[in-house]
Amino acid sequence: MSLPKIELHLHLEGAAPPAFIRGLAREKSIDISGIFAEDGSYAYRDFRHFLKVYEAATSVLTGPEDYRRLTLAVLEESAASGVVYSETFLSPDFCGGRDLGAWREHLHAIEEAAAEAERTMGITLRAIVTPIRHFGPDKAKETALCAAETAGRFVTGFGLAGDETVGKPKDFAWSFDMAREAGLRLTCHAGEWGGPDSIRDALRDLRVERIGHGVRAIEDLALVDELAERGIVLECCPGSNIALGIYPGWRRHPIGELFRREVKVTVSTDDPPFFHTTMAREYDRLAEAFDWDEGVFRTIARTALDAAFCDPDTRARIAKLLEPDHA
Ligand SMILES: [Zn+2]
């Protein structure tokens, strides 16, 4: 579907085109051939193995210049799918090992690439800083310091990525408090591998306004009603959930029912090449599975823009791109 799209949930390294990572590995004579399938795509068995393959792919990204090129490669893919505004998760863990100076250098390179993409591809990017949950709360504090020091026009949010089954949201409350005080807006992965309680924990203990995934709220209809009433936005990534086996197919994915129950759902790709997806493919599959028409997708894009972690001027500028009569 060629509608203009807003994407809120995208891991920059997870969006790295395999050909880009292979090329970089070749330039640096790093052998990571084991992470690719015969057709050149990323190969993994399950979620744990996916995280390992993901980290191996990420290991070839070793400096700001790599991240500048990565950002351009990723935004090119997004723009080709009709994405006009995107938010990406960035981890100081991968960008400079949580050293503030190194983080600033990486961020500068990424921001430069984003500015170039805005000029040449018409896509706007903002960043959400994420600690990696399975690296633990102490490293998250260092990440929160990096986020707070660089909060501004480009770094606008703070979240939590990584293995959702490790630890509890409240272990990260200190980091989220620091990010909130720095003016960052908050989201957290929950309700993907964890059940409805993981969503309740994130809302209560981290006071986030969006939930990354959150689809397993469907197992508790009282929670579904609460999400609808409070206007909590879900960053749904159906193709990701299906690729990782959380749901057996598109028609069985809860996004249709959540939308029907007036929860603010949005659509994103998470780590698109790992899940053999793109924003255009997500839209096409959802249209098929739920008989959604253009009106539904326009509502979803508008919901996503309203929930975007950007300044009012940027929101107003992007809103014009979503208008039906925009050329
Ligand atoms: Zn994610």
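1. Glutamate 235 and threonine 266 face each other, the latter in β8. The strand that pairs with β8 is β7 (residues 233-236), in the parallel sense and over four bridges. Strands here are DSSP runs of E of at least two residues, helices are runs of H or I of at least four, and both are numbered from the N terminus. Two strands count as paired if DSSP finds at least two bridges between them.

2. The model is predicted: local features need pLDDT of at least 70 and side-chain atom pairs count only at pLDDT 80 or more, while totals for chains, interfaces and linings use all residues. Residues are numbered from 1 along each chain as its sequence is written.

3. The sheet is open, with eight strands in the order β1-β2-β3-β4-β5-β6-β7-β8 and parallel pairing. Its edges are β1 (5-11) and β8 (264-267), each of which pairs on one side only. On average, neighbouring strands are turned by 30° against each other, direction ignored. Axes are lines fitted to C-alpha atoms, for helices over the stretch in contact, and angles run from 0 to 180 degrees between N-to-C directions.

4. Helix α7 (residues 196-206) lies across β5 (185-190) and β6 (210-213), and runs at about 155° to β5. Contact means that the C-beta atoms of two residues, placed from the backbone, lie within 7 Å.

5. In total the chain has 13 helices and eight strands. Its radius of gyration, taken over C-alpha atoms, is 18 Å. The C-alpha atoms fill a box of roughly 50 × 45 × 40 Å along the principal axes. Of the contacts between residues at least 6 apart in sequence, 74% join residues at least 24 apart.

6. Most residues other than glycine have a negative phi. Arginine 98, in the loop between β2 (83-90) and α4 (100-121), has a positive phi of about 65°. Arginine 98 counts as buried because it has 21 C-beta neighbours inside 10 Å; the cut-offs are 20 or more for buried, 12 or fewer for exposed and partly exposed in between, with C-beta atoms placed from the backbone. Beyond neighbours within four places in sequence, its contacts include Lys139, Glu142 and Cys146.

7. Serine 29 also has a positive phi, of about 50°, and lies in the loop between α1 (18-27) and α2 (47-58). With 6 C-beta neighbours inside 10 Å, serine 29 counts as exposed.

How values were computed: Rg over C-alpha atoms; globule rule 2.2 N^0.38 Å.
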